[in-house]
Amino acid sequence: MGLVKKLSIALVSASVMVSAAAAQAKAVTLTYDKSISSPGLAPGQLFVPQGIGVQDSTNQLFVSNGRGLNPDGSFNPNVGNRVDVFDQQGNYLRAIGSGRQGKGEGFDEPADLKFDPVTGNVHVGDVFNSEIDVYNPNTGEYIRSYGSFGGPVQGRLFFGPGGMSFDNKGNIWITDFSADVIKAYNANTGELVKTVGSNGTDLGKYVGPAGITVSPNTGRIYVGDQYNGRIQVLDEDGNALFAFASRGSEPGQLREPIGVEVDEYENIYVADSQNSRVQVFDKDGKFLTAFGEPARNAAGEIVPPPSQSGPPFGDPLVLQPGVFNWTAGLHYDRGKLYVGDFFQGRVQVLNVDNKPGTKVPEPTSVLGLGLLGFGVVVSKLRKNRHRNSTVSVEG
């Protein structure tokens with residue numbers, strides 16, 4: 001009886017060891033699906049797409065569309081400064097909002113956007129008006145504005161609200177790009193609930209916080225610490241846990257990360273803007289894969305971003321699949337990753353195969369026996385993951 005008991009313990013232990021390895025082993029593959037819209041200033045065309053979101057009820061794609069300027073650099077309210085809406089085939093449907101400088105209705109460069117999981121309204125970061133504007137996404141009706149964010153900072157082109165994401169407590173977390181903090185607002189009242197962070201390079205400090213996403217799985221908060229070239233991971237109350245990545249262009253390194261998203265398996269997707277690619281990390285910050293390459297001219301040189309005095313497009317445009325001139329806006333939704341091709345006026349849609357793999361260790365006499373119980377464990381894990389995959393990331 002003692003031998004049987006010891007053998008049973010060994011079998012259970014081996015099964016746990018193998019199932020743990022399988023649960024941790026993850027593989028993500030990104031492949032090009034299609035592009036939506038084209039570069040230009042006409043209705044239905046895009047420039048500098050920063051915010052991207054998919055409306056749950058209609059599956060329509062909402063894209064923040066640039067800041068219109070005249071040739072002399074003055075503000076042009078009639079170009080860009082709107083949210084454009086497309087169906088999943090890329091057909092242009094309508095626009096929300098218009099250009100305006102000053103508080104209230106109208107945009108002076110719309111940035112990130114998110115749908116309120118309770119009301120369904122769309123919240124849009126209004127960069128240079130330094131507030132969040134709320135609209136009915138179906139009618140385009142303006143509802144209200146809220147929030148207050150930092151102003152211009154020497155050496156930075158942008159200021160005001162950066163990224164935003166809803167948690168499951170009725171709050172919306174918003175990065176204050178120029179104040180180097182993160183603010184949580186009550187999404188219903190617009191009241192400031194909490195401010196975390198400060199300027200600096202230590203953990204919990206930021207230099208140009210950009211994209212942000214709250215995991216619907218764990219409540220963790222992932223923040224693109226743009227000028228520090230890293231992603232910071234916070235708990236659900238905003239306390240810093242750890243950071244990963246560093247400045248550079250090697251796999252796992254970042255050059256000014258902007259958009260950040262998370263999927264149902266807690267894989268983290270990062271728009272690695274100046275490297276013109278998307279990188280994927282696991283929940284612990286381990287590099288998994290990358291997709292994309294920079295646009296190059298006929299001489300093989302990387303196409304630079306446009307000058308401030310010229311049109312908001314790279315020259316030349318290289319509209320091949322998987323080629324970007326900076327990546328910026330980012331949105332994950334039901335196995336699709338929507339990536340803003342910042343200076344090429346389009347959204348590239350990627351297929352995401354993000355099912356965890358099952359890496360089985362080399363069997364030994366004990367592990368081989370342990371595999372007898374492995375199938376039951378894996379079957380249970382797969383059922384649990386199937387249930388988790390039905391959770392809407394936005395909701």
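The structure is a predicted model, in which local features need pLDDT of at least 70 and side-chain atom pairs count only at pLDDT 80 or more, while totals for chains, interfaces and linings use all residues. Residues are numbered from 1 along each chain as its sequence is written, and side-chain values use heavy atoms, with hydrogens and water left out.

The pLDDT, which is the predictor's confidence in each residue on a scale from 0 to 100, has a mean of 86 for the protein chain, and 83% of the residues reach 70 or more. Two stretches deserve a careful eye. Over residues 1–25 the pLDDT stays under 50, and the model has 31 contacts for them beyond four places in sequence; a contact means heavy atoms within 4.5 Å. Residues 358–395 also have a pLDDT below 50, with 50 contacts in the model beyond near neighbours in sequence. Where pLDDT is low, the predicted coordinates should not be read in detail.

Turning to the overall build, the protein chain holds 2 helices and 26 strands. Helices (H or I, at least four residues) and strands (E, at least two) are DSSP runs, numbered from the N terminus. Of the 395 residues, 52% count as buried, where buried means under 20% relative accessible area, exposed means over 50%, and partly exposed lies in between (1.4 Å probe, protein chains only). Among contacts between residues at least 6 apart in sequence, 51% join residues at least 24 apart.

Strand β2 (residues 49–54) pairs with β3 in the antiparallel sense over 4 bridges; two strands pair if DSSP finds at least two bridges between them. I52 has V63 in β3 as its bridge partner. The hairpin of β2 and β3 has 6 residues between the strands, and N59 lies in this loop. N59 has a positive phi of about 65° although it is not a glycine, and with a relative accessible area of 29% N59 is partly exposed. Next, β3 runs antiparallel to strand β4 (residues 75–86), joined by 7 bridges, and N65 stands opposite R82 in β4. This second hairpin has 5 residues between β3 and β4, with G73 in the turn at a positive phi of about 90°.

Open sheets come next. In one of them, 4 strands follow the order β6-β7-β8-β9 with antiparallel pairing. β6 (110–115) and β9 (142–146) stand at the edges with a single partner strand each, so one side of each is left without a neighbour in the sheet. Neighbouring strands of this sheet are turned by 25° against each other on average, direction ignored; axes are lines fitted to C-alpha atoms, for helices over the stretch in contact, and angles run from 0 to 180 degrees between N-to-C directions. Within the sheet, β7 (residues 122–126) and β8 (residues 131–135) pair over 5 bridges, with D133 in β8 as the bridge partner of V124.

Another open sheet has 4 strands in the order β18-β19-β20-β21, again with antiparallel pairing. β19 and β20 are joined by 5 bridges, and V270 stands opposite Q279 in β20. In the loop between β19 and β20 sits S276, which has a positive phi of about 55° although it is not a glycine. At 2% relative accessibility, S276 counts as buried.

Finally, a nonpolar core is a set of buried Ala, Val, Leu, Ile, Met, Phe, Trp, Tyr and Cys residues joined through side-chain atoms within 4.5 Å. The largest one has 14 residues, of which L30, Y269, L330, L337, V339 and V352 touch the most other members. Strands that each supply at least two residues of this core include β19 (268–272), β24 (327–333) and β26 (346–353). Leaving aside neighbours within four places in sequence, the contacts of L337 include Y269, V278, L330 and V352.
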